[in-house]
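Subject: Structure for you to look at

Hello,

Here is the structure I promised to pass on. Please open it first, then read the notes below it.

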Amino acid sequence: MRLVAEGLSAKRGEDLIFRDISFQIGAGTALVVKGPNGSGKSTLLRVVAGLLPRESGKVQLNGCPADEFETVAAACHYLGHRNAMKRELTVAENLHFWKRFFGEAQGNAGFGVEEAAEAVGLGGIVHLPFGYLSAGQQRRMAMAKLLVAWRPVWILDEPTAALDTAAEIMFAGLVKEHLRCGGIALAATHQPLGLGSAAELHMAGFAGVFAEVWG
Ligand SMILES: Nc1ncnc2c1ncn2[C@@H]1O[C@H](COP(=O)(O)OP(=O)(O)OP(=O)(O)O)[C@@H](O)[C@H]1O
């Protein structure tokens, strides 16, 4: 399986944010997107995830059986800046919602809700309203959303911002396990994700866009 982006460009409003971005990410590998504030990292991730339209170019997931995921977007988990959880619902209710929403991928049911909470170090508090959790605990539970249903492509926007060191290490472990299982990760970050020698894509913003990919 291989996530292939070719010649991507995107606008926000009337402004062209980046152009001619191309990369490939093979199964079991990650690509880390770096660049200064406003250079278009979040925009690129949202375009790849199908959440924003692209101005040109294409995104394909090669080597994935056509009947498994109808679109690239359907094969992606997207963890954005926000946690995508309802504060008034319990953690369990939130995670059950997402588990039902995603449904089961063929041959892979994903983690149970309690199992996913334990995997992020927070087993035993899924009965609490999400809004009661600390900011770091909320982020960890948002990470648990990645586990309740299998999706081969994880798109991660500043996943560990404002997390403590233990949570960073925990999350690096989750991503490594995802890669070990043949998954793909595309992450935008200002801080090291602890993934070792992941390939990097550097964005400089429009009027200085360049893309470099290794691996
Ligand atoms: N809805 C919008 N309308 C117009 N411009 C926008 C909109 N959303 C974002 N932008 C602009 O698009 C550019 C890229 O924003 P983006 O969030 O992708 O950058 P980023 O590299 O992820 O930044 P950061 O490191 O601060 O998170 C910025 O200049 C931003 O002001």
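**Notes on the structure**

E158 is partly exposed, because 17 other C-beta atoms lie within 10 Å of its own. The terms work as follows: a residue is buried if 20 or more other C-beta atoms lie within 10 Å of its own, exposed if 12 or fewer, and partly exposed in between, with C-beta atoms placed from the backbone. E158 also has a positive phi of about 45°, although it is not a glycine. The residue lies in the loop between β6 and α5 (165–180). Helices (H or I, at least four residues) and strands (E, at least two) are DSSP runs, numbered from the N terminus.

Before going on, two points about the model. Residues are numbered from 1 along each chain as its sequence is written. The model is predicted, and local features need pLDDT of at least 70, side-chain atom pairs count only at pLDDT 80 or more, and totals for chains, interfaces and linings use all residues.

A84 is found in the loop between β5 and α2 (91–102). Is A84 buried or exposed? A84 is exposed, because 12 other C-beta atoms are within 10 Å.

**The sheet**

In what order do the 5 strands of the open sheet come? The order is β5-β6-β7-β3-β8, and the pairing is parallel. Two strands pair if DSSP finds at least two bridges between them. As background, strands of a sheet pair through backbone hydrogen bonds, either parallel or antiparallel. The edge strands are β5 (76–79) and β8 (199–202), each of which pairs on one side only. On average, and with direction ignored, neighbouring strands of this sheet are turned by 15° against each other. Axes here are lines fitted to C-alpha atoms, for helices over the stretch in contact, and angles run from 0 to 180 degrees between N-to-C directions.

Between β5 and β6 (residues 153–157) there are 4 bridges, and the two strands run parallel. L79 has L156 in β6 as its bridge partner. Helix α1 packs on the sheet, where it touches β3 (30–34), β6 and β7 (184–188), and its direction makes about 150° with that of β7. Contact means that the C-beta atoms of two residues, placed from the backbone, lie within 7 Å.

**The ligand**

Which residues are around the ligand? They are R12, G13, D15, I17, G35, N37, G38, S39, G40, K41, S42 and T43. A residue is near a molecule or strand if its C-beta atom, placed from the backbone, lies within 6 Å of it. Two elements give two or more residues to this shell, β2 (15–26) and α1 (41–48). Of the elements, α1 gives the most, with 3 residues. By class, the shell has 1 nonpolar, 8 polar and 3 charged residues. Ala, Val, Leu, Ile, Met, Phe, Trp, Tyr, Cys and Pro count as nonpolar, Asp, Glu, Lys and Arg as charged, and the others, Gly among them, as polar.

**The two domains**

The protein is divided into domain 1 (1–75 + 153–214) and domain 2 (84–151). These bounds come from an automatic or database domain assignment. The centres of domain 1 and domain 2, taken over C-alpha atoms, are separated by 22 Å. Their contact takes 11 residues from domain 1 and 12 residues from domain 2. On the side of domain 1 that touches domain 2, β6 and α5 each supply at least two residues. The most come from α5, with 4 residues. That side of domain 1 has 9 nonpolar, no polar and 2 charged residues.

**Two buried residues**

L3 is found in strand β1 (residues 2–12). L3 is buried, because 27 other C-beta atoms lie within 10 Å. Not counting residues up to four places away in sequence, L3 touches Q24, I25, L61, V153 and I184. L3 and I184 are 181 residues apart along the chain, yet their C-alpha atoms are separated by 7.7 Å.

A119 is in helix α3. A119 counts as buried because it has 20 C-beta neighbours inside 10 Å. Leaving aside neighbours within four places in sequence, A119 is in contact with F111, A144, L147 and L174.

Regards
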